[in-house]
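Q: I have a structure open and would like to go through its side-chain contacts. Can we take it topic by topic?

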Amino acid sequence: IAVFIDPKSLNFMKDQTAMPFDFTRKTRDALNECGAPYDLYNQNDLTRIDTGKYKMFVFINALEISDEVKAAVSEKLGDKTVVFMYAPNLYSGGIDEICPIKLREKNDSEAKIEYKGEVFGFTDPAAPMFEVDDKDAEIIARYQDGAPACAKKGNRYYIATAKATPALWRDIARESGVHIYTDKNAALYVDSRFIARQTMLEEEIELDLPFDCVLEEVFDGGIYKTENKKLRYKAENGRTKMFII
């Protein structure tokens, strides 16, 4: 997963004091717990990075998008999953120019979204707000009043607010072909050499790896072997385990 934050777009949110925090911290917190790792970029980095190693691209707060980034979305991400949040391109040409899912303004600045029994949305009232108005889009989540709030059209997704739940991110990632290490909400960090899992409970942990391997725990030197691509161990309260693959 590649996640993009646009520092310039934060300027458009400065009068709605909690909104920048909702996007830059709270949304990332949920992504941290979705069961798959992600790389974080400045939005303008899209024109420079190797997009081939990612299956899912998330534009968290893209209220303004440069012509170069718009071209890169069209030319480099045609066959990739792209997720737009809130009001992409609102201040640089209009939402319809970048997001294929048709929207309309919603007259409810405090609207919250429900997904699989969990509710999320902006911390403070926000304006403008939007709802999905597209008969060709598949609705995947609704506001509490029943209005469509999150949708899919082809390989493009739209989420109407910040702070989407780990479960929603996990389901989109899985459908995009991203490997999911765990279905539990938990802080997980993975790269080509290391796997780390934080827990606040004493519990039995099971992680699904892409392959079978032998791992060494960094802190206690313990050796662990996967079985049927699963890593199992007992976690202690508040302790992080970090493994070298």
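Q: Which residues are linked in a network of salt bridges?
A: This is a predicted model, so everything here is computed from it. The network of salt bridges links R104, K106, E131, D133 and D145.

Q: What else does K106 do, say with Y143?
A: K106 lies over the face of Y143, and its distance from the ring centre is 4.7 Å.

Q: How many salt bridges turn up in the whole structure?
A: A search of the whole structure gives 21.

Q: Start with D29. Which residue does D29 form a salt bridge with?
A: The partner of D29 is R25, and their closest N and O atoms are 3.2 Å apart.

Q: Where do D29 and R25 lie?
A: Both are in helix 1, which covers residues 19-32. They are 4 residues apart, about one turn of the helix.

Q: What about K184, which residue does K184 form a salt bridge with?
A: K184 forms one with E203, the closest N and O atoms being 3.8 Å apart. This pair links distant parts of the chain, 19 residues apart. K184 is in the loop between helix 3 (166-175) and strand 12 (188-190), while E203 is in strand 14, residues 203-208.

Q: E203: buried or exposed?
A: E203 counts as buried, at 15% relative accessibility. K184 counts as partly exposed, at 45%.

Q: And K241, which residue is the salt bridge with?
A: K241 pairs with D220, and the closest N and O atoms are 3.2 Å apart. Here too distant parts of the chain are linked, the residues being 21 apart. K241 belongs to strand 18, residues 240-244, and D220 to the loop between strand 15 (214-217) and strand 16 (223-225).

Q: Is K241 buried or exposed?
A: K241 is buried, with a relative accessible area of 14%. D220, at 48% relative accessibility, counts as partly exposed.

Q: You mentioned helix 3. How many of its residues are buried?
A: Helix 3 is mostly covered, with 7 of its 10 residues buried.

Q: Which ones in helix 3 are buried?
A: They are P166, A167, L168, W169, R170, I172 and A173.

Q: Switching to rings. How many aromatic pairs are there?
A: The count comes to 13 aromatic pairs. One of them is Y86 with F122, which is edge-to-face, at 5.2 Å centre to centre and 85 degrees between the planes.

Q: Where do Y86 and F122 lie?
A: Y86 is in the loop between strand 4 (81-85) and strand 5 (103-106). F122 is in the loop between strand 7 (118-120) and strand 8 (129-132), so the pair ties together parts that are 36 residues apart in sequence.

Q: Are those two buried or exposed?
A: Y86 counts as buried, at 3% relative accessibility, and F122 counts as buried, also at 3%.

Q: Why is the pair of Y86 and F130 edge-to-face?
A: Because the planes of their rings are at 65 degrees, with the centres 6.1 Å apart, and planes over 60 degrees apart count as edge-to-face. The pair links distant parts of the chain: Y86 is in the loop between strand 4 and strand 5, and F130 is in strand 8, 44 residues apart. Both Y86 and F130 are buried.

Q: Which residues form the aromatic cluster?
A: F4, Y41, Y54, F57, F59 and F84 form one cluster.

Q: Now pockets. How much space lies in the largest pocket?
A: About 400 Å³.

Q: Which residues lie nearest the centre of the largest pocket?
A: I1, P37, K53, Y54 and Y181 lie nearest, out of 16 lining residues. Y54 is also a member of the aromatic cluster.

Q: What does the lining look like by class?
A: The lining of the largest pocket has 9 nonpolar, 3 polar and 4 charged residues.

How values were computed:
Residues are numbered from 1 along each chain as its sequence is written. This is a predicted model: local features need pLDDT of at least 70, side-chain atom pairs count only at pLDDT 80 or more; totals for chains, interfaces and linings use all residues. Side-chain values use heavy atoms; hydrogens and water are left out. A salt bridge is a side-chain nitrogen of Lys or Arg within 4 Å of a carboxyl oxygen of Asp or Glu. Helices (H or I, at least four residues) and strands (E, at least two) are DSSP runs, numbered from the N terminus. Buried means under 20% relative accessible area, exposed over 50%, partly exposed in between (1.4 Å probe, protein chains only). Rings of Phe, Tyr and Trp (its six-membered ring) pair if their centres lie within 6.5 Å; planes under 30 degrees apart count as stacked, over 60 as edge-to-face and the rest as tilted. A charge sits over a ring if NZ of Lys or CZ of Arg is within 6 Å of the ring centre and within 35 degrees of the ring normal. On a 1 Å grid over the protein atoms alone, a cavity is a set of points where a 1.4 Å probe fits but cannot get out, and a pocket is an open set with protein on both sides within 12 Å along at least five of seven lines; lining residues have an atom within 4 Å of a point. Grid points are joined across faces, edges and corners, and a volume is the space filled by probe spheres set on the points. Ala, Val, Leu, Ile, Met, Phe, Trp, Tyr, Cys and Pro count as nonpolar, Asp, Glu, Lys and Arg as charged, and the others, Gly among them, as polar.
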